Amino acid sequence: MGYLERHAPLKADLKMLLPSVKSVVVVGCNYYGPDQPSPEFQVARYARGDDYHGLMKALLEQLIQALKTHYPQLEARAFVDSGPLLERELAVRAGLGWIGKNSCLIVPGQGSWFLLGALLTNLDLPVSEPFEALHCGSCTRCLDACPTDAFVGPYTLDARKCIAYLTIETREEIPTALRSGIGSHLFGCDVCQEVCPWNVRFAQPTQQSGFFPRAWLSEKRLTELLLLTPHEFELQIAPRSPIKRPKYRGFIRNLAVVIGNSGRRDTLPALAEALERHQSDPMLATHLRWAMEQVEVAAGL
Ligand code: B12
Ligand code: SF4
Ligand code: SF4
């Protein structure tokens, strides 16, 4: 995530992104969908359907067009995650909610199943009051539930330990000590949001059909996924999906970890076949061998 450092100067001055900027409109898009269909693995809620970057960018472009009919001199730039913006910080300043101890932006009475985006504009819009209260109180559910103990303390995450980083962002090996904590998380993790009382109480299903889970999530077995070829991955899984981010290699690496953690003996033939295929890729071969060992130990072989 070296881009976080490279983008630091741009984050300090929004004029570097839009010289005429006067106001920022911050938006949240609800992505809360039905519960995970597969009993074998979990994919983070935001990643079960279409990639939110494209989906939200298109909505923001519609907003720009609508604003242009009222303000023909409008200059605007839309950002969804891809730009160097501290989106949660901007959301707090725009009065949307507070940053919880799990480091997610929580909207009062609605929860945190929102993806954030921002529209930089040259309009002199009325300024919202920043959200100043913190509503976590004495709760520590998210900190206690994190499977890899990734929180250094309230509001502070060691990203290197977060399952989202380990399964989505890193292109490297997943450290052996952190693999068991990943459990059945194939892509991303929602544990610190699932346990949050604000989500338990207030989550509402999204109306955006683009976020609805894709069929393969309930239809495909772990071992079938492990034996997909790069071409099949590109055709069946990757199109318009956030899951394409770690690419085929990252997907197979994550599958090896989840299968290893399952300890299921019936996965051994597929693991052996995958190892044969990926023998020449040291990163994949290491993970697949590790998975076989885990399964053999669990099966008492
Ligand atoms: C890098 C990143 C990650 C990293 C690190 C996460 C983290 N907590 O920082 C990893 C890969 C681990 C990650 C995981 C996830 N992420 Co993420 N991630 C980002 C990203 C791209 C940048 C965040 C960032 O800059 N972090 C680095 C440091 C600087 O952040 P920080 O230390 O918390 O800094 C805060 C303060 O210190 C202060 N601050 C620091 N420097 C400065 C400087 C100035 C000038 C000011 C004013 C303030 C300030 O403001 C900062 C923000 O509050 C944002 C999108 C974006 N552009 O903002 C999405 C984002 C935060 N992620 C998001 C999501 C959904 C997730 C996951 C839920 C995905 C998943 N299901 O697997 C998990 C949740 C993990 C968790 N508990 O946070 C959403 C969160 C939505 C929400 N409701 O809060 C975002 C906003 C993307 C989006 N567009 O919606 N993510
Ligand atoms: S997303 Fe999962 S691994 Fe990351 S901090 Fe939250 S609970 Fe921990
Ligand atoms: S689980 Fe509790 S401490 Fe964590 S963000 Fe939600 S309310 Fe705050």
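Of the 35 residues around ligand 1, which come nearest? Select the ligand in this predicted model and you will find that Asp-81, Glu-87, Asn-102, Leu-105 and Leu-116 do, where a residue is near a molecule if one of its heavy atoms lies within 4 Å of it.

Before going on, note that residues are numbered from 1 along each chain as its sequence is written, while chains are lettered from A and ligands numbered from 1 in the order in which they are written. Local features need pLDDT of at least 70 and side-chain atom pairs count only at pLDDT 80 or more, whereas totals for chains, interfaces and linings use all residues, and side-chain values use heavy atoms, with hydrogens and water left out.

Next, colour the domains, whose bounds come from an automatic or database domain assignment: ligand 1 lies between domain 1 (3–35 + 44–121) and domain 2 (141–192 + 212–298), because both give residues to its shell. Helix 4 (87–93) is among the elements that supply at least two residues of that shell, and helix 4 gives the most, with 4 residues; helices here are DSSP runs (H or I, at least four residues), as are strands (E, at least two), numbered from the N terminus.

Then display the N and O atoms around the ligand, looking for polar contacts (a pair of N or O atoms within 3.5 Å). A nitrogen atom of ligand 1 is 3.0 Å from a polar backbone atom of Phe-114, and a ligand nitrogen is 2.9 Å from a polar backbone atom of Cys-189.

Finally, select Asn-30, in strand 1 (residues 23–30), which is in contact (heavy atoms within 4.5 Å) with residues including Phe-114 and Gln-204.

How values were computed
A polar contact is a pair of N or O atoms within 3.5 Å; within protein, one must be able to donate a hydrogen and the other to accept it, and residues adjacent in sequence count only if both atoms are side-chain atoms. Lists of a residue's contacts leave out its neighbours within four places in sequence.
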